Amino acid sequence: MRPRSPLVIAIVLAAFVLAAFYVIYRLVDPLPPRHLAIAAGIVGSGYDNFAKQYARILARYGVALEIRNSAGAVKDLDLLRDPSSGVQAALTTFGVSLPDDANALYSLGGIFDAAIYIFYRNLEPITTFAQFRGKRLSIGMPGTALRSLVFEVLKATDALDASTQLLDLGYTQAIDALIAGEIDVAVFPQDAIPLQRVLDAPGIRLMSVAQAESIAKTVPGLKHVVLWRGLIDLSRDIPNSNVDMLASRNRLLVRNDLHPALQYLLLEAMREVHWAPGPFNGLGEFPAEQPNDLPLSPTAQAFYRSGPTLWQRYTSFWLTSLLNRIAFFVIPVVAALIPVVGFALSIYRWLYVRRLTRSERSTPGG
């Protein structure tokens, strides 16, 4: 019996290799999807505007970013927690997550600090939250991170008593009520209102928080920032002194099963959108590894540690995804097959020599 030809062995090995590649392609590391849903707060909010910028960036790479609007950062996080919602990323505030969130969510890092503007109507300056006792306050609608954070501040500073009234007003309603003298204090997140309208209203002041640094160290999710003199309007010297303020610390969270390539694409969008300096941050300060009360994703760790790889810099997103698959899965499989092929060839040679020897022995006169 003649041994099988090398062509037959080559065909069998090729079939084995192709089968291995097919398993890798289908099961091990599928190509990233072309659709992603992000929770981004109230329509027209800072979150919503940032999400729209992310969407334009992801569209360059053929990925559609669907924006899901909600009542605010707390609701964004609720949507991200719910796997049936279809939301895979969320803009939200540091300090509102729960311990169990670490089992399902990753952080991609901080994106901006949003100053909290506290306007009040009072004859004497108000510099501490304890002075809010007995007053009528608007601190944001239920479900917003602003309300949750400010409520924690009011509790920590013993500003809540039976005489303190918390009113559920939207930001526009709160402006109107404050100007009309119907409430005493209105709290707004950065960019939520036209500042000039409130600053020009008679009898209304911007609070400088005397205990801002201590509060930021006490209430998770808050940071002490300074609104420098003249920063709102240099020609009119507004404000006419430095103002100590609190700011919420915001970040982008994703579900931990989101494809790493899409996580990387979001990180690139974060860098493009948040790299520029602002009134409360310097150039390149964001995106940042901190703040984190959830694990930083492995993709984000690599992004902050070493930046993009060589082919991420010089190839398209989809080609990069393919090259990553080759580098991390196909190459190891090929390397593992090399000794198998060598072993198969050795067996083939051994069988061939053995059969040749038997043939020679069985030949008359051999």
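Q: Which residues lie nearest the centre of the largest pocket?
A: In this predicted model, those are Gly46, Tyr47, Phe112, Ala114 and Gln190. They belong to a lining of 37 residues.

Q: And how much space lies in that largest pocket?
A: About 700 Å³.

Q: Which helices and strands each supply at least two residues of the lining?
A: On the helix side, H2 (46–59), H4 (145–156) and H8 (260–274). The strands are E4 (105–121) and E10 (243–255).

Q: OK, which one gives the most?
A: That's E4, with 5 residues in the lining of the largest pocket.

Q: How does the lining split by class?
A: You get 22 nonpolar residues, 13 polar ones and 2 charged ones.

Q: Switching to Ser248, where is its place?
A: Ser248 sits in strand E10.

Q: Buried or exposed?
A: Ser248 has a relative accessible area of 11%, and the cut-off for buried is under 20%, so Ser248 counts as buried.

Q: What does Ser248 touch, not counting residues up to four places away in sequence?
A: Phe112, Asp113, Ala114 and Ile116 are among its partners. Ser248 also touches Thr93, Leu149, Gly221 and Leu222.

Q: Zooming out, how many helices and strands are in the protein chain?
A: The chain has 11 helices and 10 strands.

Q: What about burial and surface for the protein chain?
A: Of the 366 residues, 41% are buried. The chain exposes about 18900 Å², with 60% of that supplied by carbon and sulfur atoms.

Q: And what share of the contacts with a separation of 6 or more comes from residues 24 or more positions apart?
A: Those pairs account for 74%.

Key: Residues numbered from 1 in each chain as written. Predicted model: local features only at pLDDT ≥ 70, side-chain atom pairs only at ≥ 80, totals over all residues. Heavy atoms only, no water. 1 Å grid on protein atoms, 1.4 Å probe; cavity = no way out; pocket = protein on both sides within 12 Å on 5 of 7 lines; lining within 4 Å. Points joined across faces, edges and corners; volume = space filled by probe spheres on them. Helix = DSSP H or I, 4+ residues; strand = E, 2+ residues; numbered from the N terminus. Nonpolar A, V, L, I, M, F, W, Y, C, P; charged D, E, K, R; others polar. Buried < 20%, exposed > 50% of the residue type's maximum accessible area, 1.4 Å probe, protein only. Contact = heavy atoms within 4.5 Å. Areas by Shrake-Rupley, 256 points an atom, 1.4 Å probe, with all protein chains shown as cover.
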